[in-house]
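Here is a short briefing to keep beside the model while you look around.

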Amino acid sequence: MAKLDGFDRIIGMDLSKRTFKACVLTREKNFEDRNIISGTMDAKGRQRFIATLGAKDIVAIEGGTSSNNFARELEMIAGKVYLLNPGKLHIIFQSQRKTDKIDAVKISHYIRDTHEESICLMNIPTKCESEIRQIVNSYNFAKKQRTQLINKLHSIFNMNGVPEVKKSDLEKNESRVFIIAERLDDLACLDATMVEELITSVELKIEKYMDIMRNFILANSEVALPWLSLPGVGLISCTSILAYIGDGSRFYTPKQLRNYVGLVPRIDQSGDHNWQGGTSSFGCMPVRRNIMQCAWSLDHLKSNCILKDEWDKIVNRGKRKSKVAIHVANKLLSIGWSLQRSKKLYAGFGDYTNLKKKLKREKLEGIDTSSFIELA
């Protein structure tokens with residue numbers, strides 16, 4: 001049971017984009033009788049609700065797109081704020097009846113009945129963390145958008161009888177403009193030019209996002225460098241890790257970090273039956289996607305390092321590369337966690353030449369390395 005000493009109310013909230021439902025349990029009623037209140041998620045509606053709170057209130061909300069900023073506003077007034085992990089909140093996603101009112105009631109009862117150490121919490125991100133997470137997500141969206149537009153431009157050439165033009169020929173702006181002008185007739189040229197202008201616009205956005213991420217890395221060099229020293233971890237991966245994991249201090253073991261990312265296997269154990277499945281789909285998707293890409297990059301890594309040797313050894317034993325990638329991704333997370341604790345850099349390459357080349361390649365030469373004597 002949650003620690004309720006000193007608190008007079010438990011408020012479970014279910015948020016949507018425009019409205020919210022809240023279930024209020026009071027000490028006066030022994031946290032049994034419930035009172036349902038409604039409100040709006042605009043600025044006035046949030047302030048109206050916050051004005052009713054005090055230091056003796058516990059507020060619990062399910063994590064989501066609109067909950068991070070709201071949770072920070074609540075923290076300034078309420079005695080305690082719980083941001084619940086929706087992927088582990090089984091009382092919600094396994095429910096047979098699901099309405100905003102019922103979800104709010106279940107959340108308030110969950111806080112009342114669950115021991116505090118067992119509550120499935122998410123870390124409430126700072127404003128800076130929320131902003132850089134948004135940049136990471138916008139960058140990923142822009143990259144997908146660019147790929148779609150390149151595919152669209154390539155299809156225009158195919159439809160107009162120019163199949164010899166490959167997608168790789170359309171990667172650079174200068175070659176795109178030249179090929180369009182040389183190979184397409186008037187109407188097709190007009191259509192292709194419009195698509196090319198969209199691609200250029202998206203590429204400018206991608207560059208701006210990358211500049212913001214570089215500045216973020218430069219401002220957090222002490223946390224960033226241990227992750228950057230790992231094979232496969234570059235600007236985008238490191239920014240994602242820092243945005244969602246930070247310095248990793250809230251994880252007491254590497255297993256907790258792997259569980260947060262969602263790279264632990266599903267297990268079903270009962271009596272003599274012991275089944276272990278693939279990785280769970282619950283976890284931090286942006287970090288999971290990027291750390292898996294880092295792991296896959298070891299398949300083509302030319303430099304020798306301990307993790308590369310381990311990749312080759314397991315592949316040579318006949319294991320599928322998809323499973324090897326998961327194993328190596330877990331290794332990267334565990335090593336990264338340990339490096340953060342010890343304030344050291346990955347030494348699996350034998351020296352730090354690869355890290356120095358990576359910093360130059362990612363335009364991070366100005367990063368502060370004074371905290372690491374290895375780079376002196």
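A pocket here is an open set of grid points with protein on both sides within 12 Å along at least five of seven lines, and its lining residues have an atom within 4 Å of a point. Please bear in mind that this is a predicted model.

**The second largest pocket**
- The second largest pocket has a volume of about 570 Å³.
- Its lining is made up of 16 residues, and those nearest the pocket centre are Ile 119, Leu 121, Arg 250, Phe 251 and Gln 256.
- By class, the lining of this pocket has 7 nonpolar, 5 polar and 4 charged residues.

**Helix H10 against helix H13**
- Helix H10 (residues 254-261) and helix H13 (residues 321-342) cross at roughly 130°, and their axes come within 9 Å.
- The crossing of H10 with H13 is right-handed.
- H10 brings Pro 254, Leu 257, Arg 258 and Val 261 to the contact, while H13 brings Asn 330, Leu 333, Ser 334 and Trp 337.
- These residues divide into 5 nonpolar, 2 polar and 1 charged.

**Helix H11 against helix H13**
- Helix H11 (residues 285-297) packs with H13 at an angle of about 110°, and the axes are 8 Å apart.
- That angle makes H11 roughly perpendicular to H13.
- H11 also passes H13 in a right-handed crossing.
- On the H11 side, the contact uses Ile 291, Met 292, Cys 294, Ala 295 and Trp 296; H13 residues in it include Lys 321, Ser 322, Ala 325 and Leu 333.
- The contact of H11 with H13 has 11 nonpolar residues, 1 polar and 1 charged.

Key
Residues are numbered from 1 along each chain as its sequence is written. This is a predicted model: local features need pLDDT of at least 70, side-chain atom pairs count only at pLDDT 80 or more; totals for chains, interfaces and linings use all residues. Side-chain values use heavy atoms; hydrogens and water are left out. Axes are lines fitted to C-alpha atoms, for helices over the stretch in contact, and angles run from 0 to 180 degrees between N-to-C directions. Helices (H or I, at least four residues) and strands (E, at least two) are DSSP runs, numbered from the N terminus. A crossing is left-handed if the near helix is turned anticlockwise from the far one by less than a right angle, and right-handed if clockwise. Contact means heavy atoms within 4.5 Å. Ala, Val, Leu, Ile, Met, Phe, Trp, Tyr, Cys and Pro count as nonpolar, Asp, Glu, Lys and Arg as charged, and the others, Gly among them, as polar. On a 1 Å grid over the protein atoms alone, a cavity is a set of points where a 1.4 Å probe fits but cannot get out, and a pocket is an open set with protein on both sides within 12 Å along at least five of seven lines; lining residues have an atom within 4 Å of a point. Grid points are joined across faces, edges and corners, and a volume is the space filled by probe spheres set on the points. Angles under 35 degrees count as roughly parallel, over 145 as roughly antiparallel, 65 to 115 as roughly perpendicular and the rest as oblique.
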